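Here's a quick tour for anyone opening this structure for the first time. Take a look at the sequence and the model, then read on.

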Amino acid sequence: MLASWYDDQGPAADVLHVGELPDPVPVPGEVRVRVTVSGINPGDTKKRRGWLGSSMPYPRVIPHSDAAGVIDAVGAQVDIHRVGQRVWVYGAQSYRPFGTAAQYTVVPDRQAVPLPDHLSDELGASLGIPGITAHRTVFADGPVDGRLVLVHGALGGVGSLAAQLAHWAGATVIATVRRTADLDRVDPAVVSHAIALDTGDPAAAIRAYAPRGVDRIIEVALSDNADLDNAVAANNAVIAAYATRADHTEIPFWPLLFNNVTLRLLGSDDFPAEAKRQAARDLTSAAAVGALTVVVGDRYPPLDDIAKAHDHVDAGGGHGRILLSVPQ
C-alpha cells in the first residue's frame, strides 16, 4: 500500500516519508479500512515533533487517528457483513503504531463507526478526535438540557462541535470568539449569544445574557480565560478544559472553591472506552439529522503533500478542518 510514515521525530519535511509498505492484515476483532480521507489533528503533528519531550512510542509510526473510508476486510470474530460498509474511524494511532495516513488502516471493530450514506467522507474524517473531545466536554458531567453552556473558541475544531452538540442536546449556547471581526462567522441557529474577547468587558457581556452565571464552560485556553471563567461561572458550574496556552496554568483558586466549581481536565487518548463509544453513537446520530456540520479549511489532494499539510496544522491551521485525500 501507499503510506506515509516517520522513523524519527522532527520537522515534517525532514522526517515524513511516502512510499510502499505491506498491506496490513486484521487480526481477530479488527477490521481493515480502505481510507479515502485522513483527518489531521494538532495532536498528530505534536507526536511527530516530540512535543513536551515525548519520545517515539514505536520504531515506525504512520500518523493520524481519524479517517473515513470503506471496510474491505475483517478479522475473525467480526461480522463478515461489515465488508463494504462506509465508516468513520477514530483512535487509529492512539496507543497503536499505524494510523490513517495510508491507503489502508486496521482498527478494532468498534472504532470503525458506520457512516450514513448521505454524510460525506469529509464530515466522517472530522468526527474523531475533535468530535469525541467535544462530546466529552459537553456530556462528561451529565445532561445539558435546559442548561446555559459557554463555549470558548466556538469557531475551532472542538469548540464548533461542542456548541453544536450542546444545542442538539437542548442547552442554550453562549459562545466566545477572539475578535469582533469573527462574530459574523458564528451560526445564530446554534449560538444564542456570541461575545468577542477583544471587547472591553467580556465578563459583563456574558453576564448580561446569564445573570446567574453559566452552568458549563467549554475551555480551549484555560491560562487565558481562568479569571473570565471565574467571573461568569454559576455556583456548582463545571469548567471542562481540553487545552491551555501555559504549561503551568494559574487559576483563582479560592473564588472558584467558594463557588463550588468543578475543573475537569480532558485528554482525549485516555477517555474511558465506553465514553468514546457513546460519543461515536451520539456524533453519528447528530450528524445524521443535520445537527453537525464541519468547515473544511484545506484538503490536500495527494498523499505526497502530507508534509505541507502538517506544516499548515503546525502554523495554526487557519479556518476549518485540514484533511488529506488518500489515493485509491
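Predicted model: local features only at pLDDT ≥ 70, side-chain atom pairs only at ≥ 80, totals over all residues.

Residues are numbered from 1 along each chain as its sequence is written, and side-chain values use heavy atoms, with hydrogens and water left out.

**The second largest pocket**

- The second largest pocket has a volume of about 190 Å³; a pocket is an open set of points on a 1 Å grid over the protein atoms alone, with protein on both sides within 12 Å along at least five of seven lines.
- Its lining (residues with an atom within 4 Å of a point) includes Tyr90, Arg96, Pro108, Gln111 and Phe271.
- Helix 9 (residues 273-288) gives the most to this lining, with three residues; helices are DSSP runs of H or I with at least four residues, strands are runs of E with at least two, and both are numbered from the N terminus.
- By type, the lining of this pocket holds five nonpolar, three polar and four charged residues. Ala, Val, Leu, Ile, Met, Phe, Trp, Tyr, Cys and Pro count as nonpolar, Asp, Glu, Lys and Arg as charged, and the others, Gly among them, as polar.

**The cavities**

- There are two cavities of 30 Å³ or more, a cavity being a set of grid points where a 1.4 Å probe fits but cannot get out.
- The largest cavity has a volume of about 100 Å³, and among the residues lining it are Ser65, Gly128, Thr133 and Asp269.
- Helix 4 (residues 129-139) supplies the largest share of that lining, three residues, and the whole lining splits into four nonpolar, six polar and two charged.
- The second largest cavity holds about 30 Å³ of space and is lined by Leu222, Ala226, Asp229, Ile239, Ile251, Leu256 and Leu263.
- Six of those lining residues are nonpolar, none polar and one charged, with helix 7 (residues 222-232) giving the most, three residues.

**Helix 6**

- In helix 6 (residues 202-209), Pro202, Ala203 and Ile206 are buried, meaning under 20% relative accessible area with a 1.4 Å probe, protein chains only.
- These residues cover an arc of only 100° around the axis, so they sit on the same side of helix 6.
- Strand 9 (172-177), strand 11 (214-219) and helix 7 are among the elements that cover the buried residues of helix 6.

Terms used: Points joined across faces, edges and corners; volume = space filled by probe spheres on them. Buried < 20%, exposed > 50% of the residue type's maximum accessible area, 1.4 Å probe, protein only. Arc of directions from axis to C-beta. Contact = heavy atoms within 4.5 Å.
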